[in-house]
Amino acid sequence: MDTSIPEGVLLRNVPFLSAFNGCYEHKCISCFLFFLLNLSLFLLLSLISYTSSTYRSLKTSHKVFWCLAGARGSFGVSSVVLSIVTLIGDKELRDDTVLGVTLSCQFFFTYIVGFFIFECSLLLFSDVAFGQRSYALLAHHFISLIGYSIGLFWDHGYFIGALVVSLEMSTPFSCLCWVLLKMKLSQSLLWFANQWILVHLFHTRQNVLCVVMLVVARDWENVWQNMNVLLTVLLVGGAVIMLGGLNPYWTQKKTEQLFTREDWNFIPITPLPYNIATNRFDGFPNQVNGTGTKLNAVNGTGSKVSRSLPGSPSKKAKKRDSKKVN
């Protein structure tokens, strides 16, 4: 074990973690093992969930999301607990918010990186397999993966990183919210209590983000001189976006969901019937065919679309009637 780096609270109190010495090889192996741990948890949840009739009735893409929700919830609980233990127990991190490091916090970061590798891999697989487009969620998790990887392998930013991961406090309740929707328990007291806690946790996240910005501003000279440039950009930029945009938006959406009880993760898209005879999709008033010509809403021909109201005479009919009169 590297004696130049303090053990920290985790390695001091958990004997079997003493084999971790913080070298590059141990960090890579730990990340891979935590990736496998999350994958195993995902597969185990898929097997256990088959005992539920609700799970068996779901589409395959929803089954994947169900098990992923369980893995996310597990990560949310464990990461918040480890974050609190690390921030309270490791004095070295509080003494230097940028360069402070312990073996325990390094091990904690390998857990975070391993989870985000699992999360990004599964999201990519799900998008390719089911034709989904989770661009915003993928970008969010890839940024997190890059940021925590830089902190882990460049050995700095552990205090701020441990503080930021505590934002996962809302994840278990968000996952439970979706599961309760699928189980048709959105009218239950459990749903109301879970959603009420979730809304308040998003308000708490806003306070945590303010603390993150305060720590960065108070120790800005240390951040500017010693923190990786890309990590600084991701940290400051991400905190500003979260504080000023995303977190208030999610707070509003979760508050609305408390009353609307809708599932926004999978928006149903009903395909319009295609009429071969008219070469058009029924349901659109004005369409374009393969040659770029606008199709008539009624007969599907390339004639000009009439803007007259239903039942009113057309321009041709008016001209014809005027000639008859004359």
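How many salt bridges does a search of the whole structure find? The search finds three, a salt bridge being a side-chain nitrogen of Lys or Arg within 4 Å of a carboxyl oxygen of Asp or Glu. This is a predicted model, in which local features need pLDDT of at least 70 and side-chain atom pairs count only at pLDDT 80 or more, while totals for chains, interfaces and linings use all residues. Residues are numbered from 1 along each chain as its sequence is written, and side-chain values use heavy atoms, with hydrogens and water left out.

**Salt bridges**

- K27 pairs with D155, with 3.1 Å between the closest N and O atoms.
- K27 lies in helix α2 (residues 24-49) and D155 in the loop between α7 (135-154) and α8 (158-164), so this pair ties together parts 128 residues apart in sequence. Helices here are DSSP runs (H or I, at least four residues), numbered from the N terminus.
- K27 is buried, at 4% relative accessible area, whereas D155 is partly exposed, at 26%. Buried means under 20% relative accessible area, exposed over 50% and partly exposed in between (1.4 Å probe, protein chains only).
- E119 and R72 meet through their side chains in a salt bridge of 2.7 Å, N to O.
- Because E119 lies in helix α6 and R72 in helix α4 (residues 60-89), the pair ties together parts that are 47 residues apart in sequence. Both E119 and R72 are buried.
- K91 forms a salt bridge with D95, where the closest N and O atoms are 2.9 Å apart.
- K91 and D95 both lie in helix α5 (residues 91-95), four residues apart, about one turn of the helix. D95 counts as exposed, at 55% relative accessibility.

**Nonpolar core**

- The largest nonpolar core has 64 residues, and I112, F118 and I160 have the most contacts inside it. Such a core is a set of buried Ala, Val, Leu, Ile, Met, Phe, Trp, Tyr and Cys residues joined through side-chain atoms within 4.5 Å.
- Helix α6 (residues 103-130) supplies the largest share of this core, 14 residues.
- Not counting residues up to four places away in sequence, I112 touches F75, Y148 and V165.

**Helices α2 and α6**

- The axes of α2 and α6 come within 7 Å and cross at roughly 50°. Axes are lines fitted to C-alpha atoms, for helices over the stretch in contact, and angles run from 0 to 180 degrees between N-to-C directions.
- Residues making the contact (heavy atoms within 4.5 Å) include K27, F34 and F42 of α2 and F107, F118 and L122 of α6.

Note on methods: Helices (H or I, at least four residues) and strands (E, at least two) are DSSP runs, numbered from the N terminus.
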